[in-house]
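Thanks for coming. I'll take you through one model today, chain by chain, and then look at a few residues.

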Amino acid sequence: MENPPAIQATDLRKTFRDFWRRPRVEAVRGISFAVPAGQVFGLLGPNGSGKSTTIKMILGLLFPTAGRLDVLGDAPRAVAVKSRIGYLPEESYLYPHLTPAETLAFYARLFRLPRAVARDRIEQLLEMIGLAHARNRPVGEFSKGMARRIGLAQALLNDPDLVILDEPTAGLDPQGTRQVKDLILALAARGKTVLLTSHLLADVEDVCAQVAILFNGRLLAQGTLDALLAQKDKTTLTFPTPADPATLRQVLAAARAALGADPDVDHPRQALEPFFLHVVATAARDGAASGAVPAAPLAPFLQK
Amino acid sequence: MGGAVQFRAIARLAALEAIRRPVFLLVSLSVLVGIVALPLLLNYTLGDSARMVRDSALALYFAGGLLLAAHAAGEALARELRRGTAAAVLAKPVSRATFFLAKTAGVAGALFLYSLAAWAAALLAARAGADDLRLDWAAEGPALLAVTLAPAVAGAWNHRTGRPFASAAFFLLLAFLLAALAVAAFFPTPLERLAFPANFAWPLLGVGLLLYFALGMAVALAAALATRLPVTPVLLLCAGLFLFGLMADYFLGPHLADSCAARAAYALLPNVQAFWLLDALDGGAHVPADYLAAAAAYAAAWAAAALALGCASFRRLEIAG
């Protein structure tokens with residue numbers, strides 16, 4: 001039997017009202033979607049399209065004006081269901097005077113983690129996000145990217161079944177971005193559900209199995225990336241460049257004869273991200289860092 | 001059990017956040033320096049020096065406390081709602097009631113620490129200024145040293161470690177003032193007119209405690225208002241309500257017999273007069289224990305009503321930040 005969806009929204013609406021209860025902004029206008037359990041689901045859309053409002057309704061922070069919303073089989077406002085959710089807000093909302101270790105210890109208490117478990121996970125997460133060396137600095141002194149990493153660590157502290165990431169790669173350097181994407185894929189491989197929003201469509205394409213596109217509070221498109229993006233009427237063929245140019249000419253002539261059209265010929269390019277990561281990883285082997293250091297692999301408690 | 005862990009964590013952080021705000025140190029330091037300086041400032045008081053020092057010290061404590069109560073409670077909720085930290089916490093398995101009540105308890109805890117420091121300063125000032133013509137330097141010296149050394153040491157510590165100055169200075173103020181009290185207790189007072197045990201006017205603490213109950217009511221009111229209003233209106237409303245509560249007997253007293261509205265307003269307003277028992281201290285009298293208990297019960301009931309309204313308001317609040 002198929003698992004029930006982690007999130008099910010049916011004709012969900014949200015209208016913000018002014019002081020006199022008059023409708024002011026219709027932020028979400030009757031959207032319906034299902035986030036399948038164990039998948040990475042991307043909620044996309046330009047600014048003001050209703051993504052963050054939808055996420056805040058899923059978290060029980062905002063109340064739907066109409067429609068139905070189920071999160072992990074429960075109402076979004078149920079306190080118990082939140083112990084199975086990890087949330088990374090769009091902005092890193094942290095207490096500026098606390099150190100990373102104090103911040104994570106505070107959230108561990110909110111999750112009611114036993115002290116020994118909390119201590120262990122905090123150590124592992126600080127290593128994972130590459131901020132173990134800055135554990136005693138107030139987070140108010142951190143760069144946006146470093147604060148984002150702390151935000152990510154607090155979202156994973158409870159080893160959640162549903163991870164909600166609002167712009168998870170905003171403010172991160174390419175290494176941090178790659179790590180977050182690897183983390184998302186690793187969580188999905190463990191059967192966790194990940195709901196993310198991002199403006200960086202290349203990042204979304206790297207990790208999401210399904211996406212929904214919102215605009216002006218309405219759902220415009222929804223489905224798997226393959227279904228939405230594949231151009232079934234075109235085919236790409238990649239093979240090693242022949243040593244003799246004549247061989248390539250023969251191949252093209254055969255293709256032209258068979259298809260009745262000229263095929264496009266190009267050399268595939270390496271993506272900039274892996275090239276950048278290789279260059280920086282080589283340089284980082286020399287010298288200490290004052291900011292975030294290249295992070296360690298996934299925290300052991302997230303691999304089990 | 002788990003709820004208690006969350007409550008403690010949020011309350012402790014709320015207290016620390018309140019103390020770490022520069023305005024908390026600024027108001028505390030001004031009040032404490034003001035109290036400690038009273039014996040130096042009051043001269044030619046025609047034999048009323050002890051009473052004037054005591055009354056002024058407690059008035060300063062209460063006025064500063066009221067400002068801190070309204071500001072800290074308002075900031076603890078309104079600012080966190082605006083900044084987004086409230087959303088981050090409420091996305092965790094924390095009930096809104098736990099969050100709201102723990103924040104309020106944290107601010108009340110911070111105010112209790114402020115009260116301890118102010119009571120210590122008031123005891124020292126009351127002893128130092130007990131005579132019109134001579135100062136008791138055994139009390140005034142350590143008190144002055146405490147309020148000047150604390151910011152200096154905190155500044156040096158901040159320079160060395162980078163840790164927050166405001167909270168360090170506040171905690172040092174508290175520690176140094178308590179130490180000054182202990183040091184002064186070792187020295188006999190040179191002033192013959194003092195007769196209380198260990199040369200301190202301990203009954204002053206009874207009125208201090210009563211005023212703390214009133215501050216607790218102010219914290220509850222400010223927290224309830226902060227669920228819907230920004231900090232400045234919270235401050236103004238709290239100040240207005242407590243000022244009106246202080247004058248309720250004068251304004252409403254004559255109309256209580258024949259006006260339902262006056263009776264309702266009298267019952268709803270915080271009766272600050274019930275906590276302002278400075279005259280009871282004249283002649284070395286104590287505030288009776290049963291009066292303290294009755295005042296505590298009144299303050300608790302009034303604060304509980306304000307908190308219940310605040311809880312109900314916070315449960316319905318949409319958190320968009």
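How many helices and strands are there in chain A? There are 10 helices and nine strands. Helices here are DSSP runs of H or I with at least four residues, strands are E runs of at least two, and both are numbered from the N terminus.

Some housekeeping. This is a predicted model, where local features need pLDDT of at least 70, side-chain atom pairs count only at pLDDT 80 or more, and totals for chains, interfaces and linings use all residues. Residues are numbered from 1 along each chain as its sequence is written, chains are lettered from A and ligands numbered from 1 in the order in which they are written, and side-chain values use heavy atoms, with hydrogens and water left out.

Back to chain A. Its C-alpha atoms fill a box of roughly 70 × 55 × 40 Å along the principal axes. It has 304 residues, and 43% of them are buried. Buried means under 20% relative accessible area, exposed means over 50%, and partly exposed is in between, with a 1.4 Å probe and protein chains only. The accessible surface is about 15800 Å², with 54% from carbon and sulfur atoms. That area is Shrake-Rupley with a 1.4 Å probe; for residues, only the protein chains shown count as cover.

Charges next. Chain A carries 35 positive and 30 negative side chains, with the two centres 8 Å apart. Lys and Arg count as positive, Asp and Glu as negative; His and chain ends are not counted. Each charge is placed at NZ of Lys, CZ of Arg, CG of Asp or CD of Glu.

Helix H1, residues 51-58, is mostly covered, with seven of its eight residues buried. Among them are A:Lys51, A:Ile55 and A:Ile58. After H1(A) comes A:Gly60, with a positive phi near 80°. By contrast, look at A:Phe19, in the loop between strand E1 (7-17) and strand E2 (23-35). Is A:Phe19 buried or exposed? A:Phe19 counts as exposed because its relative accessibility is 72%. Its C-alpha is 24 Å from that of A:Leu59, 40 residues along the chain.

On to chain B. This one has 12 helices and zero strands. Its C-alpha trace spans about 65 × 60 × 35 Å along the principal axes. Buried residues come to 53%. The surface is about 13300 Å², 71% of it from carbon and sulfur atoms. There are 21 positive and 16 negative charges, and their mean positions are 18 Å apart.

Which residues touch the most other members of the largest nonpolar core? A:Leu302, B:Tyr61 and B:Leu177, out of 192 residues. Such a core is a set of buried Ala, Val, Leu, Ile, Met, Phe, Trp, Tyr and Cys residues joined through side-chain atoms within 4.5 Å. Its largest share, 18 residues, comes from helix H5 (residues 96-128) of chain B. Beyond four places in sequence, the contacts of A:Leu302 include A:Leu125, A:Asp159 and A:Arg190. Contact means heavy atoms within 4.5 Å.

Last stop: B:Ser167, in helix H7 (residues 165-186) of chain B. B:Ser167 is buried, at 8% relative accessible area. Leaving out residues up to four places away, B:Ser167 touches B:Ile19 and B:Arg20.
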